[in-house]
Amino acid sequence: MRALRRTAALAGVLGLTALVATASPASAATNDPLRNKQWGLTQVRAEQAWPTSRGAGATIAVVDTGVDLTHPDLAAQLVPGATFVGCAGGATVCSDGNWKGVDGVGQDVDSHGTHVAGIAAAITGNGTGVAGVAPDASIMPIKVLEDGSGSTDDIARGVRWAADHGADVINLSLGSLPGTQVLSIIGLDTAVEQAIAYARTKGAVSVIAAGNTSTIACTSPGFSSNGICVGSTDKDELHSAFSELPIKPDLKVVSAPGGFAFGACDDDVWSTVPTEATSACGVAGYDSFAGTSMATPHVAGVAALLLAQGRSVDQTEKALLTTARTPVLGLRGAFTPLYGYGIVDAQAAVASAR
């Protein structure tokens, strides 16, 4: 699903698409110049977790539109990736996960994966751009979407490849249109759900965007997979108007910062975009998007902090769910329809018992 970048939208395929749709003040404990705009890092209490874990040794696979492999805020974090779209001669995998794809041409909509990657694990404290939730984690770029959309088969192949090549977290900031959950429920299209289940057997935690069309449940693959589905909050810790409610049958659901989508750049989530792409907010190499696509890598980053502590998949998911907090009500680890188990809390999660 595509990010809501000042103009908006969710594209649909019967494959899947990129999902890009009082206030918490942003602090600036790092020297990254855009850190003071990153209210999302503050909302998930990422910096307070860093003395305990910074994600070193964990790898986050960004299964998306690819990543700008030369971006100064990302290049040093990257491990080898792969491309699953546009491969020649009937090949199912080729190239290296570059956002430009095998034709060497980058569309602005394919900035999505680079933006997701920066939220999760941008280089931090380098005097450049933004900070990542898990600043010492690695990023594995997996390109399964071209021009913002792709097939379920390619996405499933990307998830399996990432799991087989050492990914600890699978970030899926993508999804299908509302109503298509029925296809997986009745067994007509389960490729991505099966791939997510496979990744779990390999020790990977999957986090999946809920969707950007304001309906009452996570879209697929978040709805019927065994991954964690992520809804969005705005800078005031309210459920974002565009976000699906974080509801799915197994109730493995949380919320995280995804923005407002209808206001100024600083109301949404700042992160990296390819240096050659257009920045609607006027900062070369960086832009502000909104969507559950942006909420999801906040959770992926916290998952990386936990896995870097040596926690298992089950222990990591338990920590994410039981330490999440519900604003206003003061609840922690309690399910509500608006927030799922709550906004992820990195500080509480890394300090929690295993």
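Buried means under 20% relative accessible area, exposed means over 50%, and partly exposed lies in between, with a 1.4 Å probe and protein chains only. This is a predicted model, where local features need pLDDT of at least 70 and side-chain atom pairs count only at pLDDT 80 or more, while totals for chains, interfaces and linings use all residues. Residues are numbered from 1 along each chain as its sequence is written, and side-chain values use heavy atoms, with hydrogens and water left out.

**Stop 1: Pro221**

Select Pro221. Because its relative accessibility is 1%, Pro221 counts as buried. Pro221 sits in the loop between β8 (205-209) and β9 (228-233). Helices (H or I, at least four residues) and strands (E, at least two) are DSSP runs, numbered from the N terminus. Pro221 and Asp189 are 32 residues apart in sequence, and their C-alpha atoms are 9.9 Å apart in space.

**Stop 2: helix α3**

Select residues 112-121, which make up helix α3. How many of its residues are buried? The count is 10 of 10, so the helix is mostly covered by the cut-off of under 20%. Among them are His112, His115 and Ile119.

**Stop 3: the second largest cavity**

Which element gives the largest share of the lining? That is α1, with three residues. The lining divides into six nonpolar, three polar and two charged residues. Here Ala, Val, Leu, Ile, Met, Phe, Trp, Tyr, Cys and Pro count as nonpolar, Asp, Glu, Lys and Arg as charged, and the others, Gly among them, as polar.

**Stop 4: a surface patch**

Go to Val182, Ile185 and Ile186. They form a nonpolar patch on the surface, with about 280 Å² of accessible area together. Such patches take residues with over 30% relative accessible area and no salt bridge, and nonpolar side chains (Val, Leu, Ile, Met, Phe, Trp, Tyr) are joined within 5 Å. The areas come from the Shrake-Rupley method with a 1.4 Å probe. Ile185 lies in helix α5 (residues 181-185). Ile185 counts as exposed because its relative accessibility is 53%.

**Stop 5: salt bridges**

A salt bridge is a side-chain nitrogen of Lys or Arg within 4 Å of a carboxyl oxygen of Asp or Glu. The whole structure has 16.

Select Arg45 and Asp345. Their closest N and O atoms are 2.9 Å apart. Arg45 is in the loop between α1 and α2 (46-49), and Asp345 is in the loop between β14 (331-332) and α9 (346-351), so this pair ties together parts 300 residues apart in sequence. Arg45 is partly exposed at 26%, whereas Asp345 is buried at 2%.

Next, take Asp110 and Lys143. Their salt bridge has a closest N to O distance of 3.8 Å. Both residues are buried.

Finish at helix α4 (residues 152-164), where Arg157 and Asp154 lie three residues apart, about one turn of the helix. Their side chains meet in a salt bridge at 3.0 Å, N to O. Arg157 is partly exposed at 34%, and Asp154 is buried at 16%.

How values were computed: Patches are made of residues with over 30% relative accessible area and no salt bridge: like charges are joined within 9 Å, nonpolar side chains (Val, Leu, Ile, Met, Phe, Trp, Tyr) within 5 Å.
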